[in-house]
Amino acid sequence: MKKFYGLITVFCTAVFWTLISLTGIFTTFENRLYDLFLISKKAPKEAPELLLVEIDNFALDEIGPWPWKRDIYADTLIRMKELGAKQAVFDVEFLSPSNFPECDEYFSKALQFFGDSFLTINTSELEIPYNDEDLTYVRNRFLFPFSGNTEALVDGNHKSHYEAKFNNLRRYSKYDWNGEDAKNILSEGMSPAMHQFISKAKGAGFTNVIIDPDGIRRRVELLSYDKESGKAVAQLVLAPLLSYLQPEDIVRKNNSLLLKNATVRGKVTDIEIPLDSYGRMLINWTHNYYGDSYRHESVMFLHQMNNAESNVYIILQELLTGLDELDPNASLGLDPFFTEPNNLFGTYNSILDYKAFLLSMCEGYDESSNPINGGIDEAAYEEYFALRSEYFDAVKAFTDSTYFDSLQEKLFELRDTIGEEKYVEYATRFGELAELITGETDIYLSLFNEKKEIYKDAFCIIGNTASSSTDLGTTPFERSYPNVGTHANVYNTIMNKDFVRQINWFWGILIALILSIAMEELTKKRKALIQNIAGVVSIAVVVSLPVIAMHFTGLYIPSFTAIVISFTSYLAVTILRFIIADKDKKFLQATFGAYVAPAVVAEIVKHPELASLGGKSENLTALFSDVKTFSGFTEVINNEAGEDKGAERLVEILNDYLGVLSDAIMDCNGTIDKYVGDEIVSFFGAPIPAKNNAYDACVASIRMLQAEKKFNEENKDRLPINPKTGEPFFLHSRVGLNTGNMVVGNMGTEKKLNYTIMGNNVNLASRLEGTNKVYGSWIMCSENTWLKANEGEYAGKLVARKFDNVRVINVKKPVGIYNILGLKDEMSEEQIKAAEIFNQGIELYLKGSDTPEVKKDTGELKAAFELFKKADELYPEDLSSKVFMKRCADFIKDGVPEVWDGVYTMTSK
């Protein structure tokens, strides 16, 4: 039996984890692993015709706050039609009438005017009252007949709705999908856009998107079954795609959706869309962020074109009005100047009449999708847009002509006749109109020519992407992704036929089981090194095979359970082998050495009691660092990027910054205790004793400021701009050091241990960090730390300045403090000289503090002032000299305290 222990262990491990996976407990982990596999897949090509027409921040600033009056959508559609857009899909629901019925009517007609416009059908019951005739119209006109496995479609729809609302109950596969409870829970239904609009649209689809239990959007339903008609509602972009592809048949297979004989970019072909077990398509997301993927156009530009066009018309009207006011009786010979603007004005009125005529022909579609009373034919479109093109060509010719120059010359001839005052008035007025009409015409034509290239044959998805929008979701690549982009990715996946194909999860488990058995059987008589190599190889194969399959073929093999089986099988077999071979100690080293710091592991191996609760008193040096004006830094980032993006950016910068400071600490034999926001708590002298932990801590502080300077220089383009200075908001940390007895060891509970320090001397280091604010310094240490750091072989290596004594918050006994400036060999002569002069000054400043009852001589303060001033002149970047200059000046001016003890009392931390 003993020779089969490996096989039994592997088999039992596989069975155990398979049963666990059936409960659904691994779903979130499997989904996250899928995200990693998707990242490894080659990014899909972006369909060149895709265009996201965005209601973005620029559009809201230009047009006004959301929601908009619907005439804005109407103008947008008509403009897109003129620019050559092929299809327009609204990711905006129009479920009820607005307070502006004339705008609603205009929008409805614009939908038919555009032609291939598509609206929404919500597949949830929204409790909106619809009459039976309207719903019958929608079912007959917009729903698609299909063949194949109806039961699979119905079952998948039910499960998707159920999963979306009750993810925590997904494990119960025997749920009664057709019971009354299910009906109450799911609330499935059909809520289309209001009839006034949808009756004039080319098609409609549902916007509902599947959200996985972890809140990420990875897949989408393509069809939603309607039991009333026996047909299916298509997904929002699948509906226009079906209209464009014109498949002979839509076939729902068990694991795919077949579009039979579809026409893709001029070629007839089958498109078989793979589906998961619930009948949903995995979206092959583009790998770029939303703003860097696909083409984007703001509605703002279309609105600007409309404004420019309207302004040209208004200016022509103003011009004619001005001429008529100047020469009401036609007695000044201005008749020739009426002709051109009058012709243009009349032409545009004719165009408006023609537009109104064309819109009047937009009476909707019957249930067979035939336009009522014929609608608009292609010749009418061509004629209408040709008239508009000719009109703007004529306007351009008019603005480029000598018309306004000739008009000014004529006014000058009439100067005496009409009088100086009227001449100046009309010369100015017509001059301004000339500039305005030229500018507006140039704006219109420039935008028109630019946007015509962009919109030509474009598949347009219109949706809200403004920062105030709630129409956002999370994708495998981005936390806050506009849903209009989700539909773009669905379109891109189908049109490129670049699908992700998911196979049954059982295959991954089978691969892991076979490899684990092979690993155990082929190496059970080999050396431990060979066994470990084989185990790692088998795990690597189980991990890499799905990655390779996804990268090269788009095949997704659910693998999380397989990886767990492979890893735990290897681990279980290895542990069992070590137990049998009595290699407990080596097992500890091999297992924990990969996950815990080597020094700590070595100590635990030597002294297992270190892993128990409690600690011991040691003479250590504590280091606290804290970022100066961090709240201001946070506010500036949030103001630049917004709360959500600002938080992400702040964490990214702070992690990198604290990383370089932490490296400096650890390079000097320091141990990181914890991070508290922007603060680093660390200590020196444990778990490995040091020759001089105070000196190591001082050097670490110096290296931290050096690393900080390098970080600021290398990352100045990433840092926010300080609004007060206009320069990058550089990060600067203050450091506090104290040496003394403190408790070090594992603190916490048996379930959660933390190797940390505690005690009054630890608290003092924290308080000393705060004193830097008062003294204008960056590294402050206690007298204990300085005396220890400056002794023996380390004496004279550091440069420091003595300050006075300070009484920190909650500590009655004053503490002597020193400011660490740097390593002597690395400092300039000016810095060293300035420090020496400062120390001479502080000696005079503190003179008499040992006899506080004796009155302080102000002459000593004056002499100290001069020395501080000289130090400041030698090294003006230093602020501490200025601090003591001010103290001396204040004492000289206001008088010296009766008790001169050289103690400064802190009033805040």
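## Thr441 and its surroundings

Leaving aside neighbours within four places in sequence, Thr441 is in contact (heavy atoms within 4.5 Å) with Val312, Val395, Lys396 and Thr399. Thr441 lies in helix H16, residues 420-455; helices here are DSSP runs of H or I with at least four residues, strands are E runs of at least two, and both are numbered from the N terminus. With a relative accessible area of 0%, Thr441 is buried. Buried means under 20% relative accessible area, exposed means over 50%, and partly exposed is in between, using a 1.4 Å probe and protein chains only.

A word on the basis of all this: the model is predicted, so local features need pLDDT of at least 70 and side-chain atom pairs count only at pLDDT 80 or more, while totals for chains, interfaces and linings use all residues. Residues are numbered from 1 along each chain as its sequence is written, and side-chain values use heavy atoms, with hydrogens and water left out.

## Nonpolar cores

A nonpolar core is a set of buried Ala, Val, Leu, Ile, Met, Phe, Trp, Tyr and Cys residues joined through side-chain atoms within 4.5 Å. The largest one has 98 residues, and Met80, Phe113 and Tyr455 have the most contacts inside it. Beyond its neighbours within four places in sequence, Met80 is in contact with residues including Val53, Phe114, Leu302, Tyr455 and Ile462. A second, separate core of 62 residues includes Leu50, Ala234, Trp285 and Tyr481.

## A four-stranded sheet

Let's turn to the strands. Four of them form an open sheet in the order E4-E10-E11-E12, with mixed pairing; two strands pair if DSSP finds at least two bridges between them. E4 (147-148) and E12 (267-274) stand at the edges with a single partner strand each, so one side of each has no neighbour in the sheet.

E10 (residues 249-252) and E11 (residues 256-264) pair in the antiparallel sense over four bridges, and Arg252 stands opposite Leu257 in E11. Helix H10 (residues 238-245) packs on the sheet and touches E10, E11 and E12. The direction of H10 makes about 45° with that of E11; axes are lines fitted to C-alpha atoms, for helices over the stretch in contact, and angles run from 0 to 180 degrees between N-to-C directions.

## Cysteines

Taking a disulfide as a pair of cysteine sulfur atoms within 2.5 Å, the count comes to zero. For Cys103, the nearest cysteine sulfur is that of Cys362, 17 Å away. Cys103 is buried, at 5% relative accessible area, and Cys888 is also buried, at 0%.
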